[in-house]
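I opened this entry to record what I looked up about pockets and nonpolar cores, and I begin with the pockets.

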Amino acid sequence: NGDQNPYGVAFVPSGFPGHSPLHPGDMLVSNFNNGQNQQGTGTTIERVTPAGLISTFFQSSRTPGLDTALAVLKRGYVLVGNVPTTDGTSATIQQGSLTLLDRNGNVVVSISDTNFLNGPWDMTVFDQGHTATVFVSNVLSGTVTRFSLHFTHSKANPIIANSAVQIASGYPHQPDPAALALGPAGLAYDPKHDLLYVASQVNNSIYVIPHAAHTKVNNGTGTLLIHDTTHLHGPTGLALAPNGNLVVANGDGTNVDPNQPSELVEYTPTGVFVAQKSIDSTPGAAFGLAFSPFRFFPVLAAVNDVTGSLEVFPINQ
């Protein structure tokens with residue numbers, strides 16, 4: 001339908017139920033802009049096979065502005081966030097929601113909450129099959145929310161969402177004419193150590209929240225792990241590599257460096273810079289990224305927002 005600006009990317013995991021257009025190893029990509037390139041108006045999620053074949057998995061005008069908050073769950077669901085506008089500008093930006101889709105791309109439930117979901121900008125999920133712990137960054141309030149999903153065998157009520165907790169707050173956030181909005185963005189969860197990493201676009205920093213899956217209190221911004229104005233340029237996407245390192249996608253919403261456009265940057269878990277790679281010679285291309293969970297397909301997938309493409313890089317394990 002002409003949608004532009006791919007934002008989120010997620011892999012279909014092993015064990016995903018059959019009788020579906022999705023298969024393990026497929027990638028989903030969410031689009032933030034419409035065909036007129038208006039931000040917060042994209043309505044589609046595309047399926048990309050490992051061979052590069054593309055088809056539309058989901059399309060709905062009811063949830064425009066599909067962003068980097070995208071996850072595929074083992075139980076056979078897709079969870080996606082949206083931050084909509086009516087005209088592509090921050091003047092008309094709205095609260096947004098999370099939408100749960102079934103394996104065929106049909107809407108199961110839309111989750112909205114004025115207290116806990118205010119511009120769901122990014123998301124990471126600790127998926128345990130019958131339950132899932134969901135972490136969401138809220139760009140309009142500068143907060144991070146955790147809530148739990150419990151899956152049932154009931155056709156009438158297949159999912160129960162509960163235990164919403166604001167586990168972090170105080171991240172700088174602001175409207176932006178080019179990026180639409182800036183605030184807490186990419187999230188990455190380390191279940192072994194129960195740590196949640198948070199990318200802060202405005203001040204080019206990465207924070208870490210301890211006891212993220214269990215805390216019942218607001219931890220503020222958490223502990224500052226990285227503040228790097230040399231290598232961070234509006235960090236947007238965030239992912240945990242198989243070796244435990246962090247990989248950041250710079251959206252270039254702040255601190256733009258023409259000599260380092262659209263950079264993917266790698267750090268150790270203690271915040272030591274490792275390497276960087278540009279995915280495009282134009283700033284503003286790097287947004288969502290995800291590591292494949294499969295040993296037979298060891299890759300890093302990253303969207304290129306400038307060319308409207310999905311790039312897949314082989315990695316060493």
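**Pockets and cores**

I looked up the second largest pocket and noted a volume of about 310 Å³, keeping in mind that the model is predicted. Its lining counts 16 residues, and I listed Val247, Glu266, Phe291, Leu300 and Ile315 as the closest to the pocket's centre. Among the elements, β21 (263–267), β22 (273–278) and β25 (309–314) each give two or more residues to this lining. By class I recorded 11 nonpolar, three polar and two charged residues in the lining of the second largest pocket.

I then turned to the largest pocket, which holds about 1200 Å³ of space. It is lined by 39 residues, and those nearest its centre are Thr124, Val125, Leu240, Phe291 and Pro293. Two or more lining residues come from each of β1, β5 (66–73), β9 (120–127), β15 (184–190), β19 (235–240) and β23, and β9 gives the largest share, with six residues. The lining of the largest pocket divides into 25 nonpolar, nine polar and five charged residues. I noted that Phe291 is listed near the centre for the largest pocket and also for the second largest pocket.

Last, I checked the cores. The largest nonpolar core has 20 residues, and Val9, Phe11, Met27, Trp121 and Phe297 are those with the most contacts inside it. At least two residues of this core come from each of β1 (4–11), β2 (27–33), β14 (180–182), β23 (286–291) and β24 (299–304). Apart from that core I found another, of 17 residues, including Ala69, Tyr77, Val134 and Val136.

Technical notes: Residues are numbered from 1 along each chain as its sequence is written. This is a predicted model: local features need pLDDT of at least 70, side-chain atom pairs count only at pLDDT 80 or more; totals for chains, interfaces and linings use all residues. Side-chain values use heavy atoms; hydrogens and water are left out. A nonpolar core is a set of buried Ala, Val, Leu, Ile, Met, Phe, Trp, Tyr and Cys residues joined through side-chain atoms within 4.5 Å. Buried means under 20% relative accessible area, exposed over 50%, partly exposed in between (1.4 Å probe, protein chains only). Helices (H or I, at least four residues) and strands (E, at least two) are DSSP runs, numbered from the N terminus. On a 1 Å grid over the protein atoms alone, a cavity is a set of points where a 1.4 Å probe fits but cannot get out, and a pocket is an open set with protein on both sides within 12 Å along at least five of seven lines; lining residues have an atom within 4 Å of a point. Grid points are joined across faces, edges and corners, and a volume is the space filled by probe spheres set on the points. Ala, Val, Leu, Ile, Met, Phe, Trp, Tyr, Cys and Pro count as nonpolar, Asp, Glu, Lys and Arg as charged, and the others, Gly among them, as polar.
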